[in-house]
Amino acid sequence: MAFVQPVTLRERGVRLEPLALSHEAGLAAAADDGELWKLRITSVPEPQDTRAYIETALKMREEGSRFAFAVIDEATGRVLGSTSYHDILPAVRRVEIGWTWYARSVQRSHVNTTCKLLMMGHAFDTLQCHVVGWRTDNYNFASQKAIERLGAKKDGVIRGHALRRDGTIRDTVMYSMRSGEWPEARAQLLYLLGRHESA
């Protein structure tokens, strides 16, 4: 049995459901909102590559190394983007959260904070993970700030770690959170979401 089982998670008008080929058109539209594939520091597919992107995610799910979600607006059914558990290590009860991207029109909204609350809660509370990790490009400063805002700790930098889409080699910044740090992080995420709702 796979460590991460198919599940749908809901909170504050956002739904995370297992990524499927039926999300192809919606995912392509989300990527087109801001032409996100043009950013050299992301994994967003070009519209014509969306099906292959989903097929790769499904193959990785079968292998047990990644579980991808579609991010859905509950009110409209619109696909807002995608996020995944990856580098899943059942033996040490560790997952990473990544392959995360959203349509430009919902960036800097409550969507990312809500998704992280759902995914971290499922990882720590349901899967009983000891550690949740994140990794990002050393030049993706917005991502680094967002991860740090979650309460994650910077573990270090792996130099010369991965290829970017433009063929350059990136350094990867690694972060993690341990299960004992989750209650305080959850309280902070709920506080941030509460401030957003009252604004």
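Two strands pair if DSSP finds at least two bridges between them. Strands are DSSP runs of E, at least two residues long, and helices are runs of H or I, at least four, each numbered from the N terminus.

A word on the source. This is a predicted model, with residues numbered from 1 along each chain as its sequence is written, and local features need pLDDT of at least 70. Side-chain atom pairs count only at pLDDT 80 or more, totals for chains, interfaces and linings use all residues, and side-chain values use heavy atoms, leaving out hydrogens and water.

Now the sheet. β1 and strand β2 (residues 14-18) pair antiparallel, over 3 bridges. Within that pairing, look at Leu9: its opposite number in β2 is Leu16. The open sheet holds 8 strands, ordered β1-β2-β3-β4-β5-β6-β8-β7, with mixed pairing. β1 (9-11) and β7 (153-163) are the edge strands, each pairing on one side only. Axes here are lines fitted to C-alpha atoms, for helices over the stretch in contact; angles run from 0 to 180 degrees between N-to-C directions.

Next, the helices on the sheet. Contact means heavy atoms within 4.5 Å. Helix α2 (residues 50-63) packs on the sheet and touches β2, β3, β4 and β5 (94-102). Its direction makes about 130 degrees with that of β3. Helix α4 (residues 141-149) also packs there, touching β6 (131-137) and β8 (169-178). For α4 and β6, the angle is about 160 degrees.

On to the rings. Rings of Phe, Tyr and Trp (its six-membered ring) pair if their centres lie within 6.5 Å; under 30 degrees between planes is stacked, over 60 edge-to-face, the rest tilted. That rule gives 6 aromatic pairs. Phe69 and Tyr85 are edge-to-face: 5.9 Å between centres, 75 degrees between planes. Phe69 sits in strand β3 (residues 66-73), Tyr85 in strand β4 (residues 79-89), 16 residues apart. Phe69 and Tyr85 are both buried, meaning under 20% relative accessible area with a 1.4 Å probe, protein chains only; over 50% is exposed, and in between is partly exposed.

Why is the pair of Phe124 and Trp182 stacked? Because the planes of Phe124 and Trp182 are at 25 degrees, with centres 5.6 Å apart. The pair links helix α3 (residues 111-126) to helix α5 (residues 182-198), 58 residues apart. Phe124 and Trp182 are buried too.

Last, charges over rings: NZ of Lys or CZ of Arg within 6 Å of the ring centre and within 35 degrees of the ring normal. Arg61 lies over the face of Phe67, 4.4 Å from the ring centre. Arg66 lies over Tyr53 at 5.5 Å. Tyr53 also joins Trp99 and Trp101 in a cluster linked by ring pairs.
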